[in-house]
Amino acid sequence: MFHNKAFVNPYTKVDFPVAVELHRRLYFEVSVATDDKKLSVRADRCYATPTQDQKNSLKYEFIKKGCPSDVTVKYHSSPSSRAQRFSVEAFKFIAAHPFVFVHCQVTVCNATNPGSKCSMKCPSSGRGKRELSDNVTYDVYSLVQGPLHLTHEKRKENRGRILDKTGSSPHIPEALSADNHHK
């Protein structure tokens, strides 16, 4: 995870948990650390959960089958086929939980194979992608990054607006009240 679209300064372990604002763009890179130019990488599935457990049933998927499932996902140019860069706006799922972890299932492929899973393009129409042959095998790795949480300033600002508009607060939206119960 990087601070901005320059993809120069990654967050380090001491930076977490990272505070993010709702709708702020989050920048990620998946890569295979090798000098082997015959390898390429692709994020097949990326999603957020409220825990480090990738099998948590509560999740928000933003990349499925290597293609965006959230309209805010953008792909960015990468220095080589051994890295894939993308960004996504911080989604409402983050507001509904005290902490969020981002998981990606990443495939490593042979970069010299034009029919590899890593070279597949997302369909521009409603038609499905062509299937890969069954005899091709891939190495799939699971990565996790986090935790992320919504900035406290933004939460206070949102609460203030709710109270100002109504004069009193007979109910606070579920995303904000869920946050309060976990403090």
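Student: How do you know that Cys 46 and Cys 104 form a disulfide?
Tutor: In this predicted model, the sulfur atoms of Cys 46 and Cys 104 are 2.0 Å apart. A disulfide is a pair of cysteine sulfur atoms within 2.5 Å, so the pair qualifies. The link of Cys 46 and Cys 104 is right-handed, with 115° about the S-S bond. The pair links distant parts of the chain, 58 residues apart: Cys 46 in strand S3 (residues 39-49) and Cys 104 in strand S8 (residues 100-110). Strands (E, at least two residues) and helices (H or I, at least four) are DSSP runs, numbered from the N terminus.

Student: What makes Cys 67 and Cys 122 a disulfide?
Tutor: The sulfur atoms of Cys 67 and Cys 122 lie 2.2 Å apart, and this value meets the cut-off for a disulfide. The link of Cys 67 and Cys 122 is left-handed, with -110° about the S-S bond. Cys 67 lies in strand S5 (residues 67-68) and Cys 122 in the loop between S8 and strand S9 (139-150), so the pair ties together parts that are 55 residues apart in sequence.

Student: Why is Cys 67 called buried?
Tutor: Buried means under 20% relative accessible area, exposed means over 50%, and partly exposed lies in between (1.4 Å probe, protein chains only). Cys 67 has a relative accessible area of 11%, and is therefore buried.

Student: Is Cys 122 buried, partly exposed or exposed, and what is the reason?
Tutor: Cys 122 has a relative accessible area of 33%, so Cys 122 is partly exposed. Cys 46 and Cys 104, by contrast, are buried.

Student: Why is the disulfide of Cys 109 and Cys 118 called right-handed?
Tutor: The torsion about the S-S bond of Cys 109 and Cys 118 is about 80°, so this disulfide is right-handed. The sulfur atoms of Cys 109 and Cys 118 are 2.1 Å apart, and both residues are buried.

Student: How many disulfides are there by this rule, and what pattern do they follow?
Tutor: The count comes to 3 disulfides. With bonded cysteines counted along the chain, the pattern is 1-3, 2-6, 4-5.

Student: What makes Tyr 11 and Phe 16 a tilted aromatic pair?
Tutor: A search of the whole structure finds 8 aromatic pairs. Among them, Tyr 11 and Phe 16 are 6.0 Å centre to centre, with 55° between the planes. Rings of Phe, Tyr and Trp (its six-membered ring) pair if their centres lie within 6.5 Å; planes under 30 degrees apart count as stacked, over 60 as edge-to-face and the rest as tilted. The pair of Tyr 11 and Phe 16 is therefore tilted. Tyr 11, with a relative accessible area of 13%, is buried, and so is Phe 16, at 15%.

Student: Why is the pair of Tyr 60 and Phe 91 also called tilted?
Tutor: Tyr 60 and Phe 91 are 4.8 Å centre to centre, with 40° between the planes, so the pair counts as tilted. Tyr 60 is in strand S4 (residues 60-64) and Phe 91 in the loop between S7 and helix H1 (92-95), 31 residues apart. Tyr 60 is partly exposed, with a relative accessible area of 27%, whereas Phe 91, at 6% relative accessibility, counts as buried. Ring pairs link Phe 28, Tyr 60, Phe 62, Tyr 75, Phe 86 and Phe 91 into a cluster.

Student: How do you know that S6 and strand S7 (residues 83-89) pair?
Tutor: Two strands pair if DSSP finds at least two bridges between them. 3 bridges join S6 to S7, so the two strands pair, and they run antiparallel. Tyr 75 stands opposite Phe 86 in S7.

Note on methods:
Residues numbered from 1 in each chain as written. Predicted model: local features only at pLDDT ≥ 70, side-chain atom pairs only at ≥ 80, totals over all residues. Heavy atoms only, no water.
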